[in-house]
Amino acid sequence: MYSNKIKAGALSLGFSVCGIAPADNVGRYADYFKNGLATGNHADMTYLECHFDKRCDPRLLVEGTRSIISVALNYYPQHRLGKDQYQFALYAYGKDYHQVMHRKLNSLFAYINKEVHPVNGRVFCDTAPVLERYWAWRAGLGWIGKNTQLIIPRAGSFFFLGELFLDIELEYNIPLRNHCGNCTQCLDSCPTEALEQPYKLNARKCLSYLTIENRGGIPVAQAQRLGNKIYGCDECQKACPWNRFAIPCNIPDLQPCPTFLQMKKDDWEALTEEQYKTLFKESAVKRVKYEGLKRNIKAAEKQSTIELPV
Ligand code: SF4
Ligand code: SF4
């Protein structure tokens, strides 16, 4: 009863899917995560090494948590950059998803308190040690594909994930079984072979990591594979057959602005810091900073390694 009301509230706020899982230890997924860290495949994202216990048990992160609501928000944009122009990952087209998601998650939290049942808890979106894809799977939203993304059946993977940790018991969804089958299209499409095995992503080779999180140069082997990518890479998602079901979202905050869509290669190559600040004022692209984006543009232009200025 409460669970159905919560899910209805989530959908009315614009989330595409909502599911609920019991808050407990992540079990064998902790080994998968730990083994990933042991290989060093997280490159210099050392924050992933912190709070392992809290990451693997949400009750240690927020005391009293009994249920985890997992929600997904479609970000597939209505309009795209021209195919022959420099490319950005689709998630970065609109306003910073952290803010968009937090606003909606807080609205859902307030709705639950007002319309469903008094609750205590916290909301999260990519800002805390939470295994978001695992919880989305546990809550029945989809399965974790060979490309390590959460795949939602008949919807795809172009979704932001968020969670509410709540201190009440609810009715729980059943996790979906994996439907990747014999498909290997994500692995085959990766320009740098960063998906070394199914479910194993080596960030040190991944163009998404190298053009966003990476604070050093882009190694020449990967720079040669950039093509037109200057912020992120969606190849292993675009290749996934489940993304044929992607439909453009209608959330105004997630749509690209006309100036961004009209940018040509020459405009990017001549981009000043002032223009960068204006264009990405409310965008997640701020994360890479002006110097980082210029590094990426130069690397894509020359298809060769470019160091960041020290
Ligand atoms: S984001 Fe791009 S480089 Fe990274 S694993 Fe996917 S296809 Fe490969
Ligand atoms: S491309 Fe195929 S193997 Fe990869 S995540 Fe999608 S369905 Fe799974």
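Which residues line the second largest pocket? In this predicted model, the lining consists of V26, R28, Y29, Y32, Y134, W137, W143, I144, L176, R177, N178 and Y199.

**Second largest pocket**
- The volume of the second largest pocket is about 350 Å³.
- At least two lining residues come from each of α2 (29–39), α6 (132–138) and β5 (143–144).
- The lining of this pocket comprises nine nonpolar, one polar and two charged residues.

**Aromatic pairs**
- The whole structure contains 24 aromatic pairs.
- One of them is the tilted pair of Y91 and Y231, with 6.3 Å centre to centre and 50 degrees between the planes.
- Y91 belongs to the loop between β3 (87–88) and α5 (97–116), and Y231 to strand β10 (residues 229–231), so this pair ties together parts that are 140 residues apart in sequence.
- Y91 and Y231 are both buried.
- F124 and F165 form an edge-to-face aromatic pair, at 4.8 Å centre to centre and 65 degrees between the planes.
- This pair links distant parts of the chain, 41 residues apart, with F124 in strand β4 (residues 121–124) and F165 in strand β7 (residues 159–166).
- F124 and F165 are both buried.

Notes
Residues numbered from 1 in each chain as written. Chains lettered and ligands numbered in written order. Predicted model: local features only at pLDDT ≥ 70, side-chain atom pairs only at ≥ 80, totals over all residues. Heavy atoms only, no water. 1 Å grid on protein atoms, 1.4 Å probe; cavity = no way out; pocket = protein on both sides within 12 Å on 5 of 7 lines; lining within 4 Å. Points joined across faces, edges and corners; volume = space filled by probe spheres on them. Helix = DSSP H or I, 4+ residues; strand = E, 2+ residues; numbered from the N terminus. Nonpolar A, V, L, I, M, F, W, Y, C, P; charged D, E, K, R; others polar. Phe/Tyr/Trp six-rings, centres within 6.5 Å; stacked < 30°, edge-to-face > 60°. Buried < 20%, exposed > 50% of the residue type's maximum accessible area, 1.4 Å probe, protein only.
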